[in-house]
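Student: I am new to this structure and would like to go through some of its aromatic rings and charged side chains with you, one question at a time.

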Amino acid sequence: MTAVEATATVPKGDPGLLLQVEGVDKSFPGVKALEGMRFDLRHGEVLGLVGENGAGKSTLMKLLTGIYTKETGDFHLDGEPLTASTPKEAQEVGLSIIHQELNLVPHLTVAENIWLGREPVSGGFFTKPGEQVRRTRELLDRLGMHIDAKAVVSTLSVAQQQMVEIAKALSFESTKVLIMDEPTAALNDAEVAQLHELIRRFVTPQTGVVYISHRMAELKRIADRITVIRDGHYIDTMNMADVSIEDVIAKMVGRAINTGARPENVRSDRPIVLQVSGLSTRALLKDVSFELRRGEVLGFAGLMGAGRTEVARAVVGADPITAGDIVLNGNRVTISSPAQAAARGIGYLSEDRKGLGLMLGQPVSHNIVISSLSSQFSRVGFLRDGAIKEASESSKKLLNIKTPSVNQLVKYLSGGNQQKAIIARWLVKDCDILIFDEPTRGIDVGAKEEIYQLLNKLAEQGKSIIMISSELPEILRMSHRIVVMADGRVKGVLTAAEADQESIMRLATHRDDAITPEHTEEAEH
Amino acid sequence: MSTQTTSPEVAPVKKAGAWRARLDQLMALIGLLVIFIVFSIADPQVFPTYSTITRILFSTVVVGVLALGATLVIITGGIDLSVGTGMTLCAVMGATFIVNWHLPIWLGILMTIVFGGLIGLVNGANVAILGLPPFIATLAMMMVAQGLALVVSHAAPIYFDTTAHASFMGLSTGSIIPGSNFPNAVLVLLVAAVIAHVLLNKTLLGRYDISIGSNEEATKLSGINTRKWTMIIYAVAGLFTGLGGIMISARLGSAQPATGSGYELQAIAAVVIGGTSLSGGKGTIVGTIIGALIISVINNGLQILSMPQEWQNVILGLVILVVVFIDQLRTRRAATN
């Protein structure tokens, strides 16, 4: 579709709606991210927007601000077509987004960040820092934020940075619609209350807020209506006062797909191969404990930022831990680097396949044998090219890696085949414990099925598997037991029999209300 | 998931593997030949003769040896600015061992090469353990080595004895090929290049080198001790710096403590012209040697054409720009395919 056609057919929107999204489609190679997506925001309301990880919320936000280009569909702001092609353009017409990841420049001050790109200048060139600070103080006072305008952003707490981000969005006089993506992920309860106060003050009969969150209790407090999306589709919009949290969760996960097969044999009689207790890290994890049995698939469920990947990285020594014991086959061990983890037979497959998994510019064979070069494929430091070739070829056959040759650069393989190459890496290494972090992310359905079968086969053979996944159907289908995490803690462990999407989501969205986590700890001691 | 479109898993057949690397070398080789032919046409009397070619090869040796080590470092995604003055410090140390301490020549040579390895090891430790950016770590070493060379030599050249140390100087200017005047230095470069080639292609060191340069974090998560190997790679690169120190003092018959800076840039230029990517993960020894030869041919050719030294540098600079730009164009095209 060309731009000319698009502008020629844009109809007027409903002026009674503040923001109107209709019939939006967007696909990425192999995946349909959004299909017929729609929602609307009324004047003077807070609209909750919920959906599981991967439901399409972020894609929708990126379309609204022009970071992505939509294939079909219309956006209207106060009845006028919205055609921003950059976030700045969107802000100028009145649409501001506060992303989950903060977009502040850490080495600049609060004032410099807020006015970045719009600095007050004299003579078209010289900045006026005094004027900038004065305006910032006015703004912060108006918003009731107690933050120093001259403070360097990197010295602020995450919560304060979040506040600066909000102040920045509200510094645009024209802002009519404020979209917040998981704004409270890093905030404690007092800060959440302060944020909600800000939101209530911002909302006037001319403005509105789209509040994206997984935290049901918060939505219940702040939102007027709630829109549920799932798998790139619009599901429903309800008045918040009329629905229960259970209703919303049921709509989010969808009953239709809740029919997957479950693993059969319970593994509770098998020996424990890995026992982790009291694992904590500086940044996030608090007192994480779990055990993994031989031949078991242990699922790790939770929302983004819950700490699942951090657990994996801490276990293999990729990140330092501040407390915690790891007992491997009955022996207490210290693992301070992935090299030590690999030597002890623990392999970690990162969620970030391209960034942290593959050597993209190298051949498939290199990516398969890299972990075992010193132990199996070299003699006094010299490579055994024949053995490397042989092992790569047999891995290719065993895992059905589709590539014309093992000498092909791995970057030319499809996502599923790349993933198989990394799995092959740890099979060649003959690891007993495999940690799969989002093993099927970005992989098409056919290859997913193959990877599930492969995981099942490995578990049958006695390998122990930790599978971190954001796709609940996948977790349910594969896992003998499921560890549910939130806020860096284990919120519960469910057996395959107990677990369903609702029970997992309830644990994953649970928040310790009333008191902050720090206080809880003190109260216990 | 029912709505998700199932795209058939088709592995795209792109013949872009090993032979692209070979093509890169071929391009450099063609470039070398073209430049050579241009000079031959410009001065057919002098240029395409045995003595000129020998001279070009001979003048490639020092930069070539340094570039071998630099290749190993650059493939990790790092850079080594200390090879020039590091070489000078090694030359001074070598002369100290042999001339001042009267050590046997073979032992002096060995100790000098090991000393070069120590310089590299310090660089590697600064990069891998202290986490300094390679540019800064080796910039500091460049200055330290420059200063130490002057300190150790008391800022005066150390001369080898033309009779007692004849065999030392023979390493460069002598000829072991009977009945010819083909300089040994070129053979030393050849042997060093073969060793570097084997290291890069046939050993764990080379494989980890490429892997670290390709994706250091992924290599680390694959269970490789990337810190240890980064240090080893810098140390091995330092051995070539040590050899460079031997070769330059053998050629000059003395250790000149005030020289050496500028060689690191020529070495890096040779590596880059040879198709090694400054972002790491990709590079060849054959390419580096061709790159060093290109620099030599240009320098010698322009000298023969009586081009002033200043203009030689200008032209060399332009050649680097063009070569790297073409390489980037190719990479970009490959990325968008």
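Student: Is Phe47(B) buried or exposed?
Tutor: In this predicted model, the relative accessibility of Phe47(B) comes to 1%. Buried means under 20%, so at 1% Phe47(B) counts as buried.

Student: Which term, stacked, edge-to-face or tilted, describes the pair of rings of Phe36(B) and Phe47(B)?
Tutor: The centres of the two rings, Phe36(B) and Phe47(B), are 5.1 Å apart, and their planes stand at 55°. Planes under 30 degrees apart count as stacked and those over 60 as edge-to-face, so with 55° the pair of Phe36(B) and Phe47(B) is tilted.

Student: How many residues apart in sequence are the parts that this pair ties together?
Tutor: Phe36(B) belongs to helix H1 of chain B, residues 18–42, whereas Phe47(B) is found in the loop between H1 and helix H2 of chain B. The pair therefore ties together parts whose separation in sequence is 11 residues.

Student: Which side chain of opposite charge is nearest to Arg230(A)?
Tutor: Arg230(A), which lies in strand E11 of chain A, is buried yet has no salt bridge. A salt bridge requires a nitrogen and a carboxyl oxygen within 4 Å, and at 5.4 Å the nearest side chain of opposite charge is that of Asp231(A).

Student: Which residue's backbone oxygen does the side chain of Arg230(A) reach?
Tutor: Among the residues that Arg230(A) touches are Ala55(A), Ile235(A) and Met252(A). The backbone oxygen that its side chain reaches, at 3.5 Å, is that of Met252(A).

Terms used:
Residues are numbered from 1 along each chain as its sequence is written. Chains are lettered from A and ligands numbered from 1 in the order in which they are written. This is a predicted model: local features need pLDDT of at least 70, side-chain atom pairs count only at pLDDT 80 or more; totals for chains, interfaces and linings use all residues. Side-chain values use heavy atoms; hydrogens and water are left out. Helices (H or I, at least four residues) and strands (E, at least two) are DSSP runs, numbered from the N terminus. Buried means under 20% relative accessible area, exposed over 50%, partly exposed in between (1.4 Å probe, protein chains only). Lys and Arg count as positive and Asp and Glu as negative; His and the chain ends are not counted. A polar contact is a pair of N or O atoms within 3.5 Å; within protein, one must be able to donate a hydrogen and the other to accept it, and residues adjacent in sequence count only if both atoms are side-chain atoms. Contact means heavy atoms within 4.5 Å. Rings of Phe, Tyr and Trp (its six-membered ring) pair if their centres lie within 6.5 Å; planes under 30 degrees apart count as stacked, over 60 as edge-to-face and the rest as tilted. Lists of a residue's contacts leave out its neighbours within four places in sequence.
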